[in-house]
Amino acid sequence: MNRKIKKVAVLGSGVMGSRIACHFANIGLDVLLLDIVPRELNEKEQAKGLSLEHPAVRNRIVNDSLTFALKSNPSPIYDKAFAKRIKTGNFDDDFSKIKDADWIIEVVIERLDIKQQIFEKVDALRKPGALVTSNTSGIPIAMMSEGRSDDFQKHFCGTHFFNPPRYLKLFEVIPGPKTDQSVLDFFMHYGDLYLGKTTVLCKDTPAFIANRVGVFSMMAIMHTMNEMGLTPKQVDSLTGPLTGRPKSATFRTADVVGIDTLAKVAKGVADNCPNDESKDLFVLPDYIHKMIENKWLGSKTKQGFFKKVKDETGKSQILGLDLNDLEYKPIEKTNFPTVAMAKPIDDLKERLVAINKGQDKAAEFLKKVNMLVFKYVSFRIPEISDELYRIDEAIKAGFGWELGPFEIWDTLGVERMTAKMKEAGLAPAEWVDAFLAAGHSSFYKTENGQKVYYDIPSKTYKSIPGAEAFIILDNLREQAPVWKNSGTILHDIGDGVLNLEFRTKMNAIGGEVIEGINKSIELAEQEGWKGLVIGNDAANFSAGANLAMILMTAAEQEYDELNFMIKAFQDTMMRVRYSSIPVVTAPHGLALGGGCEMSMHADKVQASAETYTGLVEFGVGLLPAGGGTKETTKRVAESIGEGDVVINKLREAFVNIATAKVATSAYEAMNMGLFRKGIDEVTLNQDRLIADAKASVLELYNAGYTMPTPAMVKVQGRSALGTLMVGTHAFRLGNYASDHDRLIADKIAYVMCGGDLTMPQEVSEQYLLDLEREAFLSLCGTQKTLERIQHMLQKGKPLRN
């Protein structure tokens with residue numbers, strides 16, 4: 001574990017290579033990205049009179065690939081400035097530079113002969129002890145290292161990222177026949193702590209773990225769909241968020257991945273796993289062959305199972321492929337009673353149990369698919385993994401399932417589902433019968449706040465290696481909470497630290513959350529706790545304030561009640577700022593509006609790298625009034641240094657609020673001033689987030705934490721206000737903004753400048769909070785704002801009016 005990685009060489013700059021390079025740059029490494037030299041000039045190069053020997057031509061492939069990656073959406077990089085850490089070159093001129101690399105990763109075409117040629121060159125140039133890996137998705141690791149030096153083979157293994165590398169958490173580590181154990185231990189640790197990944201140790205078997213099980217699941221779904229006469233759209237309505245899987249579900253995922261890629265993996269398993277008891281399900285349906293023949297490969301050819309077209313009015317429309325006649329047709333709305341019954345159930349496990357009790361075609365389809373998958377994973381032990389938890393972790397991290405196959409089996413009841421499987425002729429592996437005969441009823445249990453798994457060889461329950469580094473709130477459900485109400489739970493997470501978990505829909509902030517925050521701080525202060533973490537394990541930290549409550553109160557013109565609500569929110573944020581115990585927030589996913597304001601008032605933010613945060617109230621016709629506008633103004637004033645032009649910094653912050661700009665990573669949030677450089681920190685692996693936030697609380701406590709002293713804020717008054725309002729007027733004249741947009745922007749400017757003051761002066765935080773609240777209430781009294789709030793609640797996106 002003393003090994004240090006400072007420089008990485010990425011060999012191959014295609015879709016995966018360029019994005020892997022970006023993720024290495026994300027974590028602060030120096031990256032060398034190489035690819036082949038072009039064999040001929042393109043039209044632009046010919047027009048410029050360049051030759052094949054010109055440096056711009058020789059590096060064209062690698063530079064174009066990296067440029068394309070950096071422009072892609074979603075971005076592969078946390079901060080555009082990080083791209084400067086990547087140097088490019090080509091295999092002919094720059095290959096010798098790999099001698100300085102601590103880790104060399106091959107990401108070239110999936111051909112064994114080409115990979116072997118690359119590794120022969122690498123072996124001759126690498127420094128002794130340098131790590132060498134392949135990102136192959138299925139070529140046997142043993143075959144790639146044949147004939148290489150002993151030192152090469154000791155330091156060689158597979159390291160399989162999933163696309164896109166920044167966003168998909170899986171990092172499969174696959175040993176070769178001579179890989180040193182210390183190398184495997186290093187990658188398991190490094191992938192988790194530094195790359196921010198779920199690291200899964202695999203065996204060198206076809207498709208490793210995630211693709212083996214994930215593609216089987218997709219093939220099982222396709223075959224079952226054919227048997228039951230369902231359509232791709234109907235199946236996607238069942239195999240997406242309803243059952244704890246990504247929005248892209250099955251067939252949209254196939255389109256994104258590529259029909260040809262899916263077929264290649266399925267064929268690879270069918271050809272290379274002759275003893276797989278379910279290999280017949282890897283046989284591709286006829287329509288897949290026809291789609292490949294027609295080059296209907298999905299997103300990359302603009303049509304696959306789905307196709308976007310424009311109707312006669314020019315409006316975009318999604319058509320679905322009819323698998324009977326292979327014609328694209330309008331998609332019919334799905335309507336299953338089981339789906340209608342299950343959708344309102346928020347808890348995934350409860351929803352899955354309810355679906356499993358259904359009797360319609362949708363429920364029967366999901367039962368059949370579950371049984372096929374349960375059978376399959378039971379037989380993959382010990383072939384692809386000795387431990388069942390590795391299969392669950394790989395499929396969750398690689399395919400985005402919220403629960404892995406064994407976790408779903410637990411949820412539906414192992415004994416009950418096993419009996420059903422046998423009735424259907426889908427009996428699982430023999431070890432499952434032995435497991436049940438021994439009196440066990442679940443593959444996982446919670447012991448002393450830690451999740452343990454059933455270990456098949458020893459027939460005992462064991463701790464998941466490395467899990468002690470994580471604090472998973474679901475594992476604390478069995479212990480009594482310190483306090484709770486209808487929307488929050490206060491947990492003891494050890495060492496004298498509390499954690500407040502939100503439990504509302506989208507973790508929206510309403511009265512119950514406000515009560516929870518105040519009660520948590522009160523209990524911590526009165527009972528001698530060391531500090532408080534505000535964090536959760538949900539998909540999102542908080543989507544912001546409870547808009548439905550604001551709309552209802554404003555529509556009924558209960559302005560005194562609305563004033564009370566906003567004042568309570570402001571006071572709570574100030575309580576987060578000024579308390580006698582350290583408060584650390586742990587934002588991740590969406591942390592919008594009030595969720596952003598809460599972090600801006602914490603003593604410290606321990607943010608997931610994948611945090612999408614911003615003051616977005618403008619989008620619903622409002623301005624940040626939970627202290628967000630005040631705090632932005634305060635931070636601008638505190639950041640002014642000698643030689644700075646005050647109005648430029650103020651304008652930049654004003655534009656961020658007035659355009660509802662959202663940071664697309666924690667690092668971008670620092671650049672926007674939402675998080676503080678040098679104070680707030682970033683966690684790469686979100687599973688470690690609450691544990692890291694707890695460590696931050698203890699660090700503040702042990703350093704002798706004292707309550708901050710309220711500060712005065714320097715505001716610029718009338719001169720700055722005039723400048724900002726000239727800008728809003730110009731935007732309206734240019735038709736870039738509506739009249740209502742301008743009204744909101746002018747009110748934001750008024751607050752940020754401290755009102756219509758004749759000259760710059762210092763004001764209190766409460767003065768700015770009062771201006772915020774006054775402006776917020778005045779906007780709530782406009783019909784346009786009420787329309788925007790209602791539109792957001794109904795459609796989930798802003799309305800411009």
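Biologist: With which side chains does the side chain of glutamine 606 make a polar contact?

Modeller: A polar contact is a pair of N or O atoms within 3.5 Å; within protein, one must be able to donate a hydrogen and the other to accept it, and residues adjacent in sequence count only if both atoms are side-chain atoms. Here the side chain of glutamine 606 reaches that of threonine 683 at 2.9 Å and that of serine 696 at 2.8 Å. This is a predicted model, in which local features need pLDDT of at least 70 and side-chain atom pairs count only at pLDDT 80 or more, while totals for chains, interfaces and linings use all residues. Residues are numbered from 1 along each chain as its sequence is written, and side-chain values use heavy atoms, with hydrogens and water left out.

Biologist: Is glutamine 606 buried or exposed?

Modeller: Buried means under 20% relative accessible area, exposed over 50%, and partly exposed in between (1.4 Å probe, protein chains only). Glutamine 606 counts as buried because its relative accessibility is 3%.

Biologist: How is a pair of aromatic rings described?

Modeller: By the distance of the centres and the angle of the planes. Rings of Phe, Tyr and Trp (its six-membered ring) pair if their centres lie within 6.5 Å, and planes under 30 degrees apart count as stacked, over 60 as edge-to-face and the rest as tilted. By this rule the count comes to 34 aromatic pairs. One of them, tyrosine 389 with tyrosine 453, is tilted, at 4.7 Å centre to centre and 55 degrees between the planes.
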